[in-house]
Amino acid sequence: MADTADTQQVDAKDGRRIARLAQRISAFSKEHGGAEGQVAYIGERGARIVLVGEDGGWGDLVAPSVEIAEKAVAKAGITVHESFDGEFAAKVRTGPYEWTRMAGIQVGGPGNG
């Protein structure tokens, strides 16, 4: 059984993680004229927070758990979607870099041994 000091230390650590993630989400939102997001469980690594800006820019962050990710997006105050599809996914704007990366993966580019 964990003592109170251990529990408070873990809670404080999670609180700092949530605050850092929320700060990064808020900065992304400010840079892109607003943002929406989606949280997805990615196994032992935790959860992925996909962000899409009002200008079509996108990015992602990884949180150690779904709970921490959900608290971070709530703290940042962005709209969160259940899935990455429909109108939300259609907001993503890709440029030459993304298309080159996707083409490289399809034709055996870097990382496709």
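Q: What is a salt bridge, as the term is used for this predicted model?

A: A salt bridge is a side-chain nitrogen of Lys or Arg within 4 Å of a carboxyl oxygen of Asp or Glu. In general, side chains of opposite charge can pair when their charged atoms come close. In this predicted model, the side chains of glutamate 36 and lysine 91 meet in such a salt bridge, at 2.3 Å from N to O. The pair links distant parts of the chain, 55 residues apart: glutamate 36 belongs to strand 1, and lysine 91 to the loop between helix 3 (86-90) and helix 4 (96-106).

Q: Are glutamate 36 and lysine 91 buried or partly exposed?

A: The general idea is to compare the relative accessible area with a cut-off: buried means under 20%, and exposed means over 50%, with partly exposed in between. Glutamate 36 has a value of 9%, so it is buried. Lysine 91 has a value of 30% and is therefore partly exposed.

Q: How many salt bridges are counted, and which residues are linked in a network?

A: The count comes to 5 salt bridges. Glu36, Glu54 and Lys91 are linked in a network of them.

Q: Where do arginine 17 and aspartate 14 lie, and how are they to be read?

A: Both residues lie in helix 1, 3 residues apart, which is about one turn of the helix. Arginine 17 forms a salt bridge with aspartate 14, and the closest N and O atoms are 3.6 Å apart. Arginine 17 counts as partly exposed because its relative accessibility is 26%. Aspartate 14, with 23%, is partly exposed as well.

Q: Which strands hold arginine 48 and aspartate 60?

A: Arginine 48 is in strand 2 and aspartate 60 is in strand 3, 12 residues apart, and the pair links distant parts of the chain. Their closest N and O atoms are 2.7 Å apart in a salt bridge. Arginine 48 has a relative accessible area of 33% and is therefore partly exposed. Aspartate 60, at 37%, likewise counts as partly exposed.

Q: Which residues does histidine 32 touch?

A: Leaving out residues up to four places away in sequence, histidine 32 touches Gly53, Glu54, Asp55 and Gly57. Histidine 32 lies in the loop between helix 1 (4-31) and strand 1. With a relative accessibility of 15%, histidine 32 counts as buried.

Q: Where is tryptophan 58 found?

A: Tryptophan 58 is found in strand 3. Since its relative accessibility is 37%, tryptophan 58 counts as partly exposed. Tryptophan 58 and serine 29 are 29 residues apart in sequence and 9.9 Å apart in space, C-alpha to C-alpha.

Definitions and conventions:
Residues are numbered from 1 along each chain as its sequence is written. This is a predicted model: local features need pLDDT of at least 70, side-chain atom pairs count only at pLDDT 80 or more; totals for chains, interfaces and linings use all residues. Side-chain values use heavy atoms; hydrogens and water are left out. Helices (H or I, at least four residues) and strands (E, at least two) are DSSP runs, numbered from the N terminus. Buried means under 20% relative accessible area, exposed over 50%, partly exposed in between (1.4 Å probe, protein chains only). Contact means heavy atoms within 4.5 Å.
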